[in-house]
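Okay, everyone, let's have a look at this one together. I'll start with some aromatic residues and then move to a loop.

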Amino acid sequence: MLGLTRATTSASASATAAATSATAIAAATVHLCTPQLRTIRTRTNFCFGQQQSSTTSHRVIVHPVKAMAETAAAPHSAPKSPTSGRKQALISLSDKTDLAKLGNGLQELGYTIVSTGGTASALEGAGVSVTKVEELTRFPEMLDGRVKTLHPSVHGGILARRDQEHHMEALEKHEIGTFDVVVVNLYPFYAKVSSSSGISFEDGIENIDIGGPAMIRAAAKNHRDVLVVVDSGDYPALLEFLRGDNDDQQFRRKLAWKAFQHVASYDSAVSEWLWKQTVGDKFPPGLTVPLHLKSLLRYGENPHQKAAVYVDKSLSEVNAGGIATVIQHHGKEMSYNNYLDADAAWNCVCEFNKPTCVVVKHTNPCGVASRNDIIEAYRLAVKADPVSAFGGIVAFNVEVDEALAKDIREFRSPTDGETRMFYEIVVAPKYTEKGLEVLRGKSKTLRILEASKNSKGKLSLRQIGGGWLAQDSDDLTPEDIQFNVMSDKTPQENELNDAQFAWLCVKHVKSNAIVIAKNNCMLGMGSGQPNRLESLRIAMRKAGDEVKGAALASDAFFPFAWNDAVEEACQSGVSVIAEPGGSIRDKDAVDCCNKYGVSLVFTNVRHFRH
């Protein structure tokens with residue numbers, strides 16, 4: 001049965017008869033989805049009671065009825081006709097930052113404010129008059145809050161185009177008022193599912209917002225007539241815009257773009273989380289990466305290229321560290337190349353367990369040293385290639401205190417003992433107050449960065465023309481692999497330690513890569529050469545006489561041994577060579593090392609870096 005409520009104030013025999021008949025069949029039950037408005041303009045035949053005629057137009061509301069007794073206990077209020085020219089704002093917020101300022105500002109401008117649940121209560125507490133959304137829809141919040149605003153009285157008022165006569169006629173027919181401003185933000189899904197305390201699958205599902213995104217998207221689509229705001233930082237600009245006379249469509253479009261971007265980022269977090277709750281594979285069929293602009297940069301790799309830096313807001317990157325989220329304590333703004341070099345230096349230095357310093361130039365580590373005394377490690381890292389270190393990036397995996405800061409500030413180049421070393425960036429996990437003070441005194445331009453260690457197990461993305469490459473990050477350390485002895489000579493413990501240190505360094509050098517190291521200190525490296533022999537010669541030249549008794553690591557196998565890289569390395573006096581193996585001429589490498597009494601170990605792990 002259908003319960004019928006007349007919208008006119010005059011009583012009539014028709015209504016009396018209808019109500020009487022309805023009471024007589026109160027036990028009947030029907031299931032309808034939503035209440036509906038009907039306009040009766042001709043003779044109306046009711047399906048219950050005596051047939052009555054109506055010669056006037058009446059507005060009626062059709063309600064779902066479980067039992068007439070329930071309807072009588074909670075009668076629906078009569079519909080309110082929209083007021084011509086009334087300005088309405090719809091506000092529904094999880095994050096209520098500056099809500100009182102917004103509400104009072106809109107009220108002062110003459111807006112009627114419609115709101116939901118906690119937002120309405122907060123506005124009322126701030127002295128703002130509020131119409132609750134259920135008064136508008138004449139329908140209660142239901143399904144534990146899952147359904148609040150999913151109603152034609154809300155979405156019709158948002159989506160109606162003011163320049164379309166039939167749209168406005170439809171609103172008038174169904175007594176729906178328009179909304180001019182929609183201010184909505186969403187359930188804190190991102191914060192909930194990424195919290196350290198964790199969240200159950202059921203709680204995660206309940207934190208997925210439905211009504212909020214629907215209102216935001218509706219308002220953004222109809223931004224020509226409706227201003228949509230999703231960020232409390234935009235409240236002042238909104239109020240200023242409403243106080244003015246110029247209807248700037250660019251302002252409206254920017255808010256609409258921000259709204260769609262907000263929902264897209266939200267949905268990407270839901271998608272990422274839900275994928276991990278199901279298949280969990282690292283490479284889903286579809287992938288959306290939410291990037292938030294951190295800052296515009298002066299230029300890209302070169303002055304003619306524009307550039308910016310974005311922070312990855314994927315759930316997998318929450319508290320995962322990295323250079324994109326650094327705190328800059330001092331110095332000039334970061335450039336595109338600064339970010340690349342700082343990232344390379346930080347990724348390398350974080351690999352080492354002992355106190356370590358890494359110096360990087362053009363993304364390649366040109367000096368690496370580990371010592372219990374971090375000042376000694378710093379000096380040895382610079383000494384490995386002082387020419388390249390000048391103007392480079394210095395990274396530490398320990399706190400920079402006053403003593404280390406003074407050495408960074410005053411240390412002279414090993415090439416002449418006079419030139420004070422100059423650096424673009426110093427990056428470390430933390431600084432003492434005095435350490436920061438001393439470093440700030442070195443140069444006005446020196447960028448001082450505080451970074452968090454990168455988490456392992458990340459997905460590594462790299463752009464190519466028309467697409468992206470994705471792979472696991474290269475997280476292997478010497479503790480994760482075996483150094484298998486292939487030669488007659490077994491390396492001594494200190495030689496094996498040197499080989500492991502060199503192997504960890506070469507992992508961060510551009511291919512083709514060779515590193516020569518001894519006593520936890522890089523002596524020389526060759527990088528980026530089209531052939532491995534040339535990289536070897538560069539590394540040996542930098543190492544000089546110190547190559548004797550040192551360890552050599554190669555990022556990939558040696559394709560030739562005799563009269564090539566392996567033999568030249570053996571002739572130079574290295575004591576141990578570490579390489580992945582895998583060449584069809586591996587036996588030549590073994591025989592060559594045996595001839596010269598050099599230890600050869602295979603790691604079975606390649607470290608190409610392009």
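So, Y378, F396, F411 and Y423 form one aromatic cluster. Keep in mind that this is a predicted model, where local features need pLDDT of at least 70, side-chain atom pairs count only at pLDDT 80 or more, and totals for chains, interfaces and linings use all residues. Residues are numbered from 1 along each chain as its sequence is written, and side-chain values use heavy atoms, with hydrogens and water left out.

There are 7 aromatic pairs in the structure. Rings of Phe, Tyr and Trp (its six-membered ring) pair if their centres lie within 6.5 Å; planes under 30 degrees apart are stacked, over 60 edge-to-face, and the rest tilted. Take Y378 and F396: their ring centres are 6.1 Å apart with the planes at 50°, so that pair is tilted. Y378 sits in helix α14 (residues 374–383) and F396 in strand β14 (residues 392–396), so the pair ties together parts 18 residues apart in sequence. Helices (H or I, at least four residues) and strands (E, at least two) are DSSP runs, numbered from the N terminus.

What about Y378 and Y423? Here the centres are 6.4 Å apart and the planes at 70°, so we call it edge-to-face. Y423 is in strand β15 (residues 423–428), so this pair links parts 45 residues apart in sequence. Y378 and Y423 are both buried, meaning under 20% relative accessible area (1.4 Å probe, protein chains only).

Now the loop. N222 lies between α10 (211–221) and β8 (227–229), and N222 is buried, at 6% relative accessible area. Leaving aside neighbours within four places in sequence, N222 is in contact (heavy atoms within 4.5 Å) with I158, L159, A160, R161 and R162.

Conventions: Buried means under 20% relative accessible area, exposed over 50%, partly exposed in between (1.4 Å probe, protein chains only).
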